[in-house]
Amino acid sequence: MKRLVAIAAAAATLTFALAAPAAAEGTITVAASATPHAEILEAAKPILEEQGWELEVKVFSDYVQPNMVVESGDFDANYFQHIPYLDSFNEEKGTHLVNAGGIHYEPFGIYPGKKASLEELEEGDEILVPNDTTNEARALLLLQDNGILTLKEGAGLTATVNDIEENPLNVKIVELEAAQIPHSIADASLAVMNGNYALEAGFSVAKDSIAYESADSEAAKTYVNVIAVKEGNEENDGIVALVDVLKSQEIQDFINEKYDGAVIPFVESEDAAEAETETEA
């Protein structure tokens with residue numbers, strides 16, 4: 001009888017051990033914008049929960065408070081901004097926020113108008129690009145990456161049409177307000193659009209664009225959306241766990257499936273190289 005009781009007790013203990021959740025690690029608080037940031041964080045919640053972390057997300061509609069609440073220590077991190085904005089905010093507000101990990105970027109794409117491919121481009125064809133400085137530079141860099149033109153050395157993310165050094169086909173770069181490009185694309189040979197404007201106009205970056213910014217492009221590395229924390233907190237256990245989950249294959253698959261190319265997981269070249277090495281091994 002005693003033996004039966006002992007066996008039953010051992011079985012109960014084993015069942016409890018198998019069913020017990022991961023030991024509680026703590027709570028991670030993140031300030032985020034609604035789309036796509038908070039949606040991506042919601043997808044990460046159950047994964048973090050399995051690791052013992054509770055993720056609390058608060059949605060903010062502005063771009064100031066998410067940084068201020070991290071600076072004050074009220075929140076552990078935020079997820080809404082790219083690095084140029086983070087840097088300018090620190091400079092303007094005197095805050096001490098740093099990048100703890102790049103998660104995604106929203107790519108520019110080259111879309112067909114009268115021409116269906118880059119190979120069909122002819123002398124004097126028109127290509128539409130956004131007319132504001134940041135977006136125009138990204139558009140020109142994408143055209144350069146695809147062999148349509150060459151920019152002056154060092155032009156980078158401040159490039160304008162005045163920085164075009166080589167233009168073999170003498171294509172005409174037509175500058176338009178970014179929001180107007182989707183409505184004018186039928187009148188041009190090609191157009192370069194931001195992912196958000198393309199999505200709003202019914203275009204899929206993944207399915208409709210001829211080419212789009214790659215994860216190792218200068219623009220993608222610069223405008224990657226990051227997890228930001230107060231300086232000194234980058235290696236906190238909760239932050240490391242959060243970034244690891246957001247960069248996991250499961251979250252990358254979620255982003256790819258949900259946003260259809262308008263949002264793309266950012267993978268540092270080092271990560272890609274390591275993954276390639278492991279695959280070859």
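Which residue forms a salt bridge with Lys230, and how many Å apart are the closest N and O atoms? In this predicted model, the partner of Lys230 is Glu71, and the closest N and O atoms of the pair are 3.9 Å apart.

**Salt bridges**

- A search of the whole structure finds 6 salt bridges, and the pair of Lys230 and Glu71 is one of them.
- Lys230 counts as partly exposed because its relative accessibility is 28%, whereas Glu71, at 14% relative accessibility, counts as buried.
- Glu213 forms a salt bridge with Arg138, with the closest N and O atoms 2.6 Å apart. Glu213 lies in the loop between strand E11 (211-212) and helix H9 (218-222), while Arg138 lies in helix H5 (residues 133-145), so this pair ties together parts that are 75 residues apart in sequence.
- Both partners of that pair, Glu213 and Arg138, are buried.
- Lys93 forms a salt bridge with Glu92, and here the closest N and O atoms are 4.0 Å apart. Lys93 is partly exposed at 45% relative accessibility, and Glu92 is exposed, with a relative accessible area of 63%.
- Lys115, Glu122 and Asp125 are linked with one another in a network of salt bridges.

**Strand E4 and its partners**

- Of the 9 residues of strand E4 (residues 97-105), 7 are buried, so the strand is largely enclosed by the rest of the structure.
- E4 and E12 run antiparallel and are joined by 6 bridges. In this pairing, Leu97 stands opposite Lys230 of E12, and Lys230 is also the residue that forms the salt bridge with Glu71.
- E4 is also joined to E13 by 2 bridges, and these two strands likewise run antiparallel. The bridge partner of His104 in E13 is Pro265.

**Helix H11**

- The buried residues of helix H11 (residues 249-259) are Ile251, Gln252, Ile255 and Tyr259. They lie on the same side of H11 because they cover an arc of only 105° around the axis.
- The exposed residues Gln249, Glu250 and Glu257 are carried on the face of H11 that is turned away from its buried side.
- The cover over the buried residues of H11 includes helix H2 (34-50), helix H10 (237-246) and strand E13 (264-265), and E13 is also a strand that pairs with E4.

- Ala262 is placed in the loop between H11 and E13, and at 2% relative accessibility it counts as buried.
- Ala262 and Gly195 are 67 residues apart along the chain, yet their C-alpha atoms are separated by 4.9 Å.
- Leaving aside residues up to four places away in sequence, Ala262 touches Tyr105, Glu106, Pro107, Gly195, Leu199 and Val205. One of these contacts, Tyr105, is a residue of strand E4 (residues 97-105).

Conventions
Residues are numbered from 1 along each chain as its sequence is written. This is a predicted model: local features need pLDDT of at least 70, side-chain atom pairs count only at pLDDT 80 or more; totals for chains, interfaces and linings use all residues. Side-chain values use heavy atoms; hydrogens and water are left out. Buried means under 20% relative accessible area, exposed over 50%, partly exposed in between (1.4 Å probe, protein chains only). Helices (H or I, at least four residues) and strands (E, at least two) are DSSP runs, numbered from the N terminus. The arc is that of the directions from the helix axis to the C-beta atoms. Contact means heavy atoms within 4.5 Å. A salt bridge is a side-chain nitrogen of Lys or Arg within 4 Å of a carboxyl oxygen of Asp or Glu. Two strands pair if DSSP finds at least two bridges between them.
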